[in-house]
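Student: I have a model open and want to work through some of its geometry. Can we go step by step?

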2 protein chains.
Amino acid sequence: MFDSADLEHKIDKLTYRHEVPHLREALLNVQVDLREAGRFPVVIVIAGVEGAGKSETVNLLNEWMDPRFIRTTAFDAPTDEESERPRMWRYWRALPPKGTVGILFGAWHTEPVISRVFKRISDSEFEKRIAEIQRFEQMLSDEGALVLKFWFHLTKKQQEHRLRSLEKKAATRWRVTKRDWKYFDKFDAFEKTAVQLTRQTSTAEAPWTVVAGADEAYRNLTVGRTILNAIRERLAEKPVVDRPDRTPLLPPVDHLTVLRALELDQPLTHEQYSEAREKWQGRLARLTRDAKFKKSGVVAVFEGNDAAGKGGAVRRLTQALDSRMYVGIPIAAPSEEERAQPYLWRFWRHVPRHGRVAIFDRSWYGRVLVERVEGFCDETSWMRAYGEINDFERELLESGLVVVKYWLAISKEEQLKRFHSREKTSFKRFKITKEDWRNRKKWDAYERAVCDMVDRTSTEYAPWTLVEANNKSYARIKVLRTMCKAIENRFDRM
Amino acid sequence: MFDSADLEHKIDKLTYRHEVPHLREALLNVQVDLREAGRFPVVIVIAGVEGAGKSETVNLLNEWMDPRFIRTTAFDAPTDEESERPRMWRYWRALPPKGTVGILFGAWHTEPVISRVFKRISDSEFEKRIAEIQRFEQMLSDEGALVLKFWFHLTKKQQEHRLRSLEKKAATRWRVTKRDWKYFDKFDAFEKTAVQLTRQTSTAEAPWTVVAGADEAYRNLTVGRTILNAIRERLAEKPVVDRPDRTPLLPPVDHLTVLRALELDQPLTHEQYSEAREKWQGRLARLTRDAKFKKSGVVAVFEGNDAAGKGGAVRRLTQALDSRMYVGIPIAAPSEEERAQPYLWRFWRHVPRHGRVAIFDRSWYGRVLVERVEGFCDETSWMRAYGEINDFERELLESGLVVVKYWLAISKEEQLKRFHSREKTSFKRFKITKEDWRNRKKWDAYERAVCDMVDRTSTEYAPWTLVEANNKSYARIKVLRTMCKAIENRFDRM
């Protein structure tokens with residue numbers, strides 16, 4: 001990967017001075033075009049060797065371009081906020097919305113390289129991390145982002161020369177730290193690891209540009225022109241109409257589905273309910289106040305048929321929780337800000353810290369439910385969402401969170417009964433809309449979508465709980481009990 | 001993944017008898033359309049639990065459809081031929097050409113699952129294998145194949161019931177082996193591993209269809225209809241014109257490239273040459289006759305400017321080898337048979353057994369050289385070829401082979417001299433064509449392509465050797481020496 005960058009690249013001063021005004025003007029212009037088109041974000045990733053001009057280049061880009069539409073984020077050691085959340089959370093936070101440029105400085109590539117060089121992770125673990133990065137960047141591209149990755153490179157000789165010259169002068173001596181020499185001792189290991197990472201994450205959609213960092217003029221022109229050229233080309237492309245890259249799913253030929261197999265009417269007397277409720281609410285209260293919970297947390301997803309009783313089930317849950325500890329997140333249509341980001345972005349922003357409970361009333365599963373059924377997104381997009389969602393939930397799990405997912409199921413008859421009753425009861429009138437009746441007409445399509453969803457996203461680390469909800473009391477207890485069990489399982493593994 | 005398939009699916013006899021004639025006719029028709037369109041191959045992968053009806057289904061498909069255009073390949077323990085080659089070699093061999101159907105029975109998914117269940121590989125290793133499968137299937141889809149994957153499923157109860165009923169009857173008792181019960185003991189582990197594999201390799205392009213295997217009618221209709229539907233949909237699609245999923249590469253802004261940095265005129269007297277040649281040819285002869293070489297082998301790639309002396313260098317190499325041991329593979333334009341397959345297929349077929357030397361005169365790098373420069377393939381295709389090639393060569397390496405790659409470089413002036421001399425010498429006239437002159441006009445474009453190629457495919461396990469070839473003698477010695485060193489390195493690691 002670094003063969004070309006190992007050469008002594010150089011641009012003479014005269015050429016540089018002549019080139020720069022043109023490049024700046026062109027960059028400013030293309031930035032306006034980018035904003036006006038508003039079709040895609042530009043994610044610029046800056047990584048590579050210390051002292052190869054990374055921060056200088058970032059500063060320069062901010063100087064050359066209109067900084068109001070650039071957001072630069074530098075990643076160092078994770079903050080408190082960040083270290084209690086999944087690894088990728090802080091990168092999601094920094095993604096630029098459509099029409100703008102985001103510069104990510106030392107992003108998701110840096111930490112795996114360092115961990116591997118200092119043998120904190122094995123080679124297989126490193127390969128696994130690379131595969132995760134590949135999937136993440138694939139998702140970014142699939143969601144339309146233009147991803148430009150720059151790896152700043154110095155040869156070992158250049159690096160040694162740089163450190164020694166800095167040390168020689170009193171004015172710059174402070175810039176060389178012990179850490180710099182410690183890293184220098186591992187130069188070969190760093191380079192080998194970086195080669196593997198950059199090669200394996202270089203794809204047609206998001207190839208690395210390796211920048212020889214020793215000569216300032218060379219590196220500035222390289223980065224500037226690459227950005228200019230890539231944005232221009234992408235702007236010139238017509239949006240693609242159809243991609244032949246999905247294979248349709250069929251429903252079971254006998255129409256027997258996980259939903260139809262449920263016995264929706266489950267008996268539970270009022271007395272049994274009161275007793276069980278007290279028991280499980282109490283247990284949930286204790287679990288969430290346990291010391292172990294401070295290193296964990298819950299993400300709860302509520303999905304279900306309209307009028308299945310999600311609200312009631314959530315309330316029975318929150319009754320057991322300290323109100324400073326949980327947050328309810330009702331998911332409606334995405335806001336303008338959210339539409340300018342990859343699909344999962346609006347859920348990532350609500351990922352809770354440790355020790356908290358986030359309750360999603362509807363969720364990221366909208367992609368494979370309502371968006372699929374209503375045709376709000378194309379088939380390829382919801383088909384690939386299954387994998388993206390599984391990756392997402394796995395990251396939640398790996399950061400210590402418990403993920404519980406409920407589908408509250410009622411029969412078509414029960415729904416009709418509840419719709420009518422809501423229409424009659426004035427204080428429930430707000431709960432029934434024309435849309436509910438419209439959705440009801442698509443009952444079969446939703447059923448199909450739910451079954452595919454359960455098949456493809458019920459994982460050992462985040463299984464779906466199908467809740468038989470014709471009897472509201474039974475449903476509420478099952479929700480409480482499942483959550484307690486999930487937290488206990490998590491504690492057992494701590 | 002198996003939630004739906006865990007249900008007791010069933011199709012009654014009457015429905016089945018009524019459905020089958022229609023389905024058969026439709027399948028035969030769609031097969032004709034597939035052949036006439038000749039646009040893509042259909043790769044049907046059959047995997048899953050023993051006794052869930054896999055082979056019955058494969059036989060049935062061959063009965064229902066026109067078997068002349070179906071090729072079924074079952075993979076059991078690798079043959080001698082196969083075990084001396086990279087893991088994926090046997091699957092490449094079995095890929096169907098465009099317009100036809102290939103049924104692959106127990107293909108690349110099966111072995112990793114078994115290895116994981118019996119703890120022959122670690123969890124990280126398993127994840128790495130999954131990532132390899134993802135990339136392989138991605139490549140198949142990118143190359144246009146319709147990939148249909150069926151996982152045949154039985155519940156634990158169903159499996160136990162099946163084994164016990166077979167054992168009860170004298171006529172079928174032989175069908176239950178010790179291995180069946182050994183596998184049954186590991187049922188839960190198998191299922192857990194299979195869930196992970198199928199979920200992580202389920203993509204929008206190639207999702208798994210999980211088939212409940214207990215009821216024959218159900219499983220036949222499921223497989224038949226899924227195949228029918230998928231081929232029909234793909235045939236109905238218009239070919240896609242452009243995909244916005246590649247980012248352009250730029251040449252170095254100072255035009256300094258790895259090629260321009262070479263000192264092409266390297267001195268070597270005739271005497272030095274004779275001496276060196278004897279030395280290195282002798283060493284190569286000994287190395288390739290070493291016992292260790294029987295567990296290894298060489299894949300040598302020769303690329304270079306026209307008239308750079310590839311032929312001469314190859315001859316100096318083969319002079320040292322037993323002629324039964326090596327094979328020269330001149331690569332020209334692909335044949336019709338080869339065009340009907342994924343790009344790398346025509347190279348996979350020439351991967352040598354252990355103990356052999358395969359010498360490619362031009363190679364898979366045509367994709368990122370001539371095909372790129374001449375526009376024979378689109379930008380996205382050659383951009384993703386870098387990754388595909390790296391994966392390919394890594395498989396060669398992992399199977400024990402040594403990969404050496406030579407770019408023979410001469411100056412533009414030296415080429416002109418050689419062209420003229422070839423035109424003058426009658427026995428060399430065949431060596432110079434109009435195409436050579438045409439290529440020469442694209443010198444700069446080729447240079448750019450070569451440099452990108454070196455940057456993106458020179459790996460620690462298969463590095464490029466740039467050979468300064470204005471002096472033919474020097475070039476020949478460098479080729480010999482590099483190959484000896486590469487083999488010695490390999491021996492050191494054995």
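Tutor: Start with a definition: two strands pair if DSSP finds at least two bridges between them. Keep in mind that this model is predicted.

Student: How many bridges join β7(B) to strand β8 of chain B?
Tutor: Strand β8 covers residues 357–361 of chain B, and β7(B) runs parallel to β8(B). Within this pair, B:Val327 stands opposite B:Ala358. Pairing needs at least two bridges. The number joining β7(B) to β8(B) is 5.

Student: Which strands stand at the edges of the open sheet of 5 strands in chain B?
Tutor: The strand order is β7-β8-β6-β9-β10, with parallel pairing. An edge strand here has a single partner, so one side of it is left without a neighbour in the sheet. The edge strands are β7 (326–330) and β10 (464–468) of chain B.

Student: Which helix lies across β9 and β10 of chain B?
Tutor: β9 spans residues 402–409. The helix runs at about 140° to β10(B). That helix is α19(B).

Student: How are α16(B) and α19(B) oriented to each other?
Tutor: Their axes come within 10 Å and cross at roughly 50°. Angles under 35 degrees count as roughly parallel, and 65 to 115 as roughly perpendicular. The two helices are therefore oblique.

Student: Which residues of α19(B) make the contact with α16(B)?
Tutor: The α16(B) side supplies B:Tyr386, B:Ile389, B:Asn390 and B:Glu393. Taken together, the contact residues divide into 3 nonpolar, 2 polar and 3 charged. From α19(B) come B:Asp452, B:Met453, B:Arg456 and B:Thr457.

Key. Residues numbered from 1 in each chain as written. Chains lettered and ligands numbered in written order. Predicted model: local features only at pLDDT ≥ 70, side-chain atom pairs only at ≥ 80, totals over all residues. Heavy atoms only, no water. Axes fitted to C-alpha atoms, helices over the stretch in contact; angles between N-to-C directions. Helix = DSSP H or I, 4+ residues; strand = E, 2+ residues; numbered from the N terminus. Parallel < 35°, antiparallel > 145°, perpendicular 65-115°, else oblique. Contact = heavy atoms within 4.5 Å. Nonpolar A, V, L, I, M, F, W, Y, C, P; charged D, E, K, R; others polar.
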